[in-house]
Amino acid sequence: MSGLVAPKGTFDTLPPESARFLAVRDTLTAPLRRAGYGYVETPVFEDTAVFARGVGESTDVVSKEMYTFTDRGDRSLTLRPELTAGLVRAFIEHRLYAGALPVKLWSVGSAFRYERPQAGRYRHFTQVDVEALGVDDPALDAEVVALADQGYRDLGLTDYELQLTSLGDATCRPQYRELLTSFLAGLDLDDDTRRRAEINPLRVLDDKRPEVQSQLVDAPLMVDHLSDATKAHYDAVRQHLADLGVAWVEAPRLVRGLDYYTKTTFEFVHARLGSQSGIGGGGRYDGLSAALGGPDVSGIGYAVGVDRTILAVQAEGLDVAVASGIDVFVVHLGEEAKRFAVRLVGQLRAAGVAADTVYGGRGLKGAMKAADRSGAARVVVVGERDLAEGVAQVKTMATGEQVAVPLTELATSLRASV
Ligand code: AMP
């Protein structure tokens, strides 16, 4: 055997830990379903142009991290590095903007980035994605932010912070950009950073190196140069967030890795995850639909990293409710009893009871061990003698109590007990 392993930067999620993955994913998405968001499934690959135009050529994601390939029909395709661009592409293609607005959508699935792997940073990861398109209303910004916050709260997370700012829009960002560019021109920066500043000066504000940060103390900030309209928008977002009971900290230097953000921009940061501390983030992207060839409509959304949220859950020592999966386990002794057991398990499953039995003739001891491992609350033991007497033994695992139940009542009684 040639030791094949999962590709670098990827990992497998196996039982029993996979139950935690499902529980976290479902807890994060439950608030969306309660808020009128509709589920969307899009392909995991798109025409490369969807990301090049949608995420932005100047971003690390597009310039360095995409899994791009040419298919057998000579098309340039890319495994999605995030879900938003694909959802907006679908919104445009299916003319969802022609219906009732806002269009509220969510999705969950794989994303792929060629990054340097480390704890919390992978080449294949899972994102929950939320988009509200077609209406520019600060109340909608607040709703979207609050929904992400609700998901974390429902998991029991407390040691995280919502960082919030406004990145302005076309009416004020260009002037601010010029101001920042001339400020940066006066600093002692290396060539690489200068080049980055030329493409997107805002990125420099996010540079973590102390020698850069120390020069940025007096840098002009977007929030101090918002137009009246964007300032009013930001004030309204904060008012609604306060009304919704969502706490935040002002983060005037927050810049995100994707180019399309305007106005409200936010990130959720967890305190115990080291350098990869972002558990989710997003913002308003009023230029994205137009950049993808659609109508010039606004949108706001976020992506939450499921894998990093799981790390946060573990870091806070939370026991996310994980259903064991199996309610009833059936142990059989002898050929007749096996036929009966297989039939009973089929009946129980059809009736909505999670049931399992042993396969491969492992003897009573092995079978009882399997029953124990399954986590089932009730174990049915049935042997040839029981069958002859028309009963089965039903053991309640928590108490060890065992009673003989007539076979004719067995399925009904088990169904009632779960
Ligand atoms: P972004 O799409 O870059 O705004 O990322 C949104 C969220 O996805 C982040 O807050 C992370 O939780 C998660 N995420 C982004 N990149 C990765 C990665 N390489 N590995 C694991 N999670 C990631």
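Strands here are DSSP runs of E with at least two residues, and helices are runs of H or I with at least four, both numbered from the N terminus. With that settled, on to the ligand: strand 10 gives the most to the shell around it, three residues.

This is a predicted model, where local features need pLDDT of at least 70, side-chain atom pairs count only at pLDDT 80 or more, and totals for chains, interfaces and linings use all residues. Residues are numbered from 1 along each chain as its sequence is written, and side-chain values use heavy atoms, with hydrogens and water left out.

The ligand is surrounded by 14 residues, and the closest are Arg113, Glu115, Tyr122, Arg256 and Gly278. By type, the shell splits into four nonpolar, five polar and five charged residues; Gly counts as polar, Tyr as nonpolar, and Glu and Arg as charged.

| Residue | Part with the N or O atom | Distance to a ligand oxygen |
|---|---|---|
| Gln127 | side chain | 3.1 Å |
| Gly280 | backbone | 3.0 Å |
| Gly305 | backbone | 3.4 Å |

Taken alone, the ligand exposes 490 Å², and the protein buries 92% of that (Shrake-Rupley areas, 1.4 Å probe). Strand 6 (124–133), strand 10 (278–284) and strand 11 (299–305) are the elements that give two or more residues to the shell.

Now for Ser374, which lies in helix 14 (residues 363–374). Ser374 has a relative accessible area of 15%, so it is buried (under 20%; exposed is over 50%, partly exposed in between, with a 1.4 Å probe and protein chains only). The Ser374 side chain reaches the backbone nitrogen of Ala376 at 3.1 Å.

Key:
Near = heavy atom within 4 Å. Polar contact = N/O pair within 3.5 Å; in protein donor to acceptor, adjacent residues only side chain to side chain.
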